[in-house]
Amino acid sequence: MTGPTEIPVIDLAGLTAGGEERSRTMAQLHEACRDWGFFWVENHGVDAALMDEVKRFVYAHYEEHLEARFHVSDLAKSLPAAGGGGGGEEPSDKVDWEATYFIQHRPRNNSADFPEIAPPARETLDAYIAQMVSLAERLGECVGLNLGLPAGHVAAAFAPPFVGTKFAMYPPCPRPGRVWGLRAHTDAGGIILLLQDDAVGGLEFLRGGAEWIPVGPTRGGRLFVNIGDQIEVISGGAYRSVVHRVAAGSEGRRLSVATFYNPGPDAVVAPAVRGDAAAPAYPGPYRFGDYLEYYQGTKFGDKDARFQAVKKLLG
């Protein structure tokens, strides 16, 4: 049971139990996708020790290769120190207070482009990603079945899938009211799996277009899941991608490891479920690569306006 603002927690062990327990878990996933667009999962099949190794890698890599560079960056130098300037300013809509890098895993692995990542760390990341991909595939299959689609529909629609991970650290900010850790947006792709901080929060999701729901630090080895724009299109709006942001904080640094399970750039995406007749028609068919190119310039804009523009431009 969850309260009105308590993010759903879904025990995926029920998917392998069969019978009523599997049906109950599938129903919980359906409700979470339909009513929230984001949720926690536990008993997800990703090894806890491996998750801890990945966190240790991200912290060490940040401290050795990114932290000093971030604090002498133009962004860090341009933000006035605490106590300077007037109060009441709106956060900037131009920049994000984060130190990030992105590694692609499928269909091509570009970790060799990061020579500072030692072979043992690459092996750890590869093992972790293999388990994350398996989890994303399971969730994608459940999404499709819950929408009444044939078995394998989501996997076929995404094939060959693009899998990549955004590694981010959100350092303490001297003026958290002046900047967002990450500005509000929806995610362009399919299924997003987040390994995040155990102690520092900051992630917020907009529920129902009115209420920002804080996503607290991870507990009990859970992973956080949210759905992206392509699942909304495929579902005809039955499941919707949700606007989210990261608030900058003055105390502590926040770790975020977001793995994106997306359609491949040449995958053709289109609604597979007829949406509400009263809702605007979704775009499609279109190449996901073309959608992503348009998204790059509109990421922080209005999603519905983006959908309608893509419909005019791409079909």
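Strand S3 (99-106) and helix H4 (119-146) each supply at least two residues of the lining of the second largest cavity. Helices here are DSSP runs of H or I with at least four residues, strands are runs of E with at least two, and both are numbered from the N terminus. Before going on: this is a predicted model, where local features need pLDDT of at least 70 and side-chain atom pairs count only at pLDDT 80 or more, while totals for chains, interfaces and linings use all residues. Residues are numbered from 1 along each chain as its sequence is written, and side-chain values use heavy atoms, with hydrogens and water left out.

Back to that cavity. A cavity is a set of points, on a 1 Å grid over the protein atoms alone, where a 1.4 Å probe fits but cannot get out; lining residues have an atom within 4 Å of a point. Grid points are joined across faces, edges and corners, and a volume is the space filled by probe spheres set on the points. The second largest cavity holds about 30 Å³. Its lining is Ile-103, His-105, Asn-109, Ser-111, Arg-122, Leu-125 and Asp-126, and H4 gives the most, with 3 residues. By class, that lining has 2 nonpolar, 3 polar and 2 charged residues. For the classes, Ala, Val, Leu, Ile, Met, Phe, Trp, Tyr, Cys and Pro are nonpolar, Asp, Glu, Lys and Arg are charged, and the others, Gly among them, are polar.

The structure holds 2 cavities of 30 Å³ or more. Which element gives the most to its lining? H4 does, with 4 residues. Among the lining residues of the largest cavity are Leu-139, Cys-142, Val-143 and Asn-146. By class, this lining has 10 nonpolar, 1 polar and no charged residues.

Now H4 and its packing with helix H2 (48-71). The two helices pack at an angle of about 135°, with axes 10 Å apart. Axes are lines fitted to C-alpha atoms, for helices over the stretch in contact, and angles run from 0 to 180 degrees between N-to-C directions. That makes H2 oblique to H4, since angles under 35 degrees count as roughly parallel, over 145 as roughly antiparallel, 65 to 115 as roughly perpendicular and the rest as oblique. In H2, Leu-50, Met-51, Glu-53, Val-54 and Phe-57 meet Ala-121, Thr-124, Leu-125, Ala-127, Tyr-128 and Gln-131 in H4; contact means heavy atoms within 4.5 Å. By class, 8 residues in the contact of H2 with H4 are nonpolar, 2 polar and 1 charged.

Next, the backbone. Arg-106 and Pro-107 are joined by a cis peptide bond, with omega about -5°, and Pro-107 sits in the loop between S3 and H4. The bond from Gly-284 to Pro-285 is also cis, with omega near 5°. Asn-43 has phi near 50°, a positive value in a residue other than glycine.

Last, the largest pocket, with a volume of about 630 Å³. A pocket is an open set of points with protein on both sides within 12 Å along at least five of seven lines. Of the 34 lining residues, the closest to the centre are Phe-102, Lys-166, Asp-187, Phe-260 and Lys-299. Strand S11 (254-262) gives the largest share of the lining, 5 residues. By class, the pocket lining has 19 nonpolar, 9 polar and 6 charged residues.
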